[in-house]
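Subject: Structure handover

Hello,

The sequence and structure are below. My notes on the model follow.

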Amino acid sequence: MASRCLAVLATVDPLPVMTSVVEKVIPMLSISNDDHSRRGAVETIAVILEKMKINIVPYIFFLVVPLMGRMSDQKTDIRVLATHTFADLIQLMPLDGGISNTPQLGPQLILLKATQKEFLEQLFNPSAIGDYKVPVPINAELRSYQQSGVNWLAFLNKYKLHGMLCDDMGLGKTLQSICILAGDHYYRQQKYKETKQEDCAPLPSLVICPPTLTGHWV
């Protein structure tokens, strides 16, 4: 009911409603231990899209990227709704090219929109992703293709997406995985020390590997 009320308000006065969605609803998509919050956030976006239709175009980039992270949600209903909503939004994206940033959009929203556009450009052109610097000592030197793999994993991790390394055997998938996991644990720990936010609290990582590789991990 609340999401439908919000959607109706968005058709009347979209800017304050969508600003509120970006600031308060979108962060709920990242609460991994609260299914209700993630489900409510996805439903809200879906209903707003249903009501606003083409009028949602100026705000698409604020919604598409966060929704991608929920397309692999552990809950089937959240995953399915996020995927369908993403598919509907992505069809409207080409229309954004004909809409400039009107004076109505505040500087923070304009900056966020540019950031999300940059993400999509890097998603479709991985060579545009900058080198990821591992923040902890790693007793190894990455080859160029391994650095590219780490860059891709860091990019996915930054936006809470999932992916797979599919290099042939012996090309260093374990090393690349160690680099990104070590970096993620380090940054989560640092951010938690600074903010005490629950969504960045240190978490363990589960590594499943053949016995021949356990020596690399322990």
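Which residues of α2 are buried? They are Val-17, Met-18, Thr-19, Val-21, Val-22 and Val-25. Buried means under 20% relative accessible area, exposed means over 50%, and partly exposed lies in between, with a 1.4 Å probe and protein chains only. These α2 residues pack against α1 (2-12), α3 (35-52), α4 and α6.

Before the rest, some ground rules. This is a predicted model: local features need pLDDT of at least 70, side-chain atom pairs count only at pLDDT 80 or more, and totals for chains, interfaces and linings use all residues. Residues are numbered from 1 along each chain as its sequence is written, and side-chain values use heavy atoms, with hydrogens and water left out.

Overall picture

The protein has 9 helices and 0 strands. Helices (H or I, at least four residues) and strands (E, at least two) are DSSP runs, numbered from the N terminus. The C-alpha trace spans about 60 × 35 × 35 Å along its principal axes. Of the 218 residues, 34% are buried. Take the contacts with a separation of 6 or more: 65% of them join residues 24 or more positions apart. Contact means heavy atoms within 4.5 Å.

Helix α6

Helix α6 covers residues 107-124, which is 18 residues. From first C-alpha to last it reaches 26 Å, close to the 26 Å expected at 1.5 Å a residue. The expected span is 1.5 Å times one less than the number of residues. Its buried residues are Leu-109, Lys-113, Gln-116, Phe-119, Leu-120, Gln-122 and Leu-123. They pack against α2 (14-25), α4 and α7 (144-158). An α-helix has 3.6 residues a turn, so residues three or four places apart point the same way.

Look at Gln-116 in α6. Its relative accessibility is 8%, so Gln-116 counts as buried. Leaving out residues up to four places away in sequence, Gln-116 touches Phe-61, Phe-62, Val-65, Pro-66 and Tyr-159.

The α4/α5 pair

The axes of α4 (residues 60-70) and α5 (residues 76-92) come within 9 Å and cross at roughly 145°. Axes are lines fitted to C-alpha atoms, for helices over the stretch in contact, and angles run from 0 to 180 degrees between N-to-C directions. On the α4 side, the contact uses Ile-60, Leu-63, Val-64, Leu-67, Met-68 and Arg-70. On the α5 side are Ile-78, Arg-79, Ala-82, Thr-85, Phe-86, Leu-89, Ile-90 and Leu-92. The residues of this contact divide into 11 nonpolar, 1 polar and 2 charged. Ala, Val, Leu, Ile, Met, Phe, Trp, Tyr, Cys and Pro count as nonpolar, Asp, Glu, Lys and Arg as charged, and the others, Gly among them, as polar.

Ile-56

Ile-56 sits in the loop between α3 and α4. Its relative accessible area is 0%, so Ile-56 is buried. Not counting residues up to four places away in sequence, Ile-56 touches Ile-48, Leu-49, Leu-63, Leu-89 and Leu-92.

Cysteines

The disulfide count is 0, where a disulfide is a pair of cysteine sulfur atoms within 2.5 Å. Cys-179 is buried at 1% relative accessibility, while Cys-209 is partly exposed at 27%.

Best wishes
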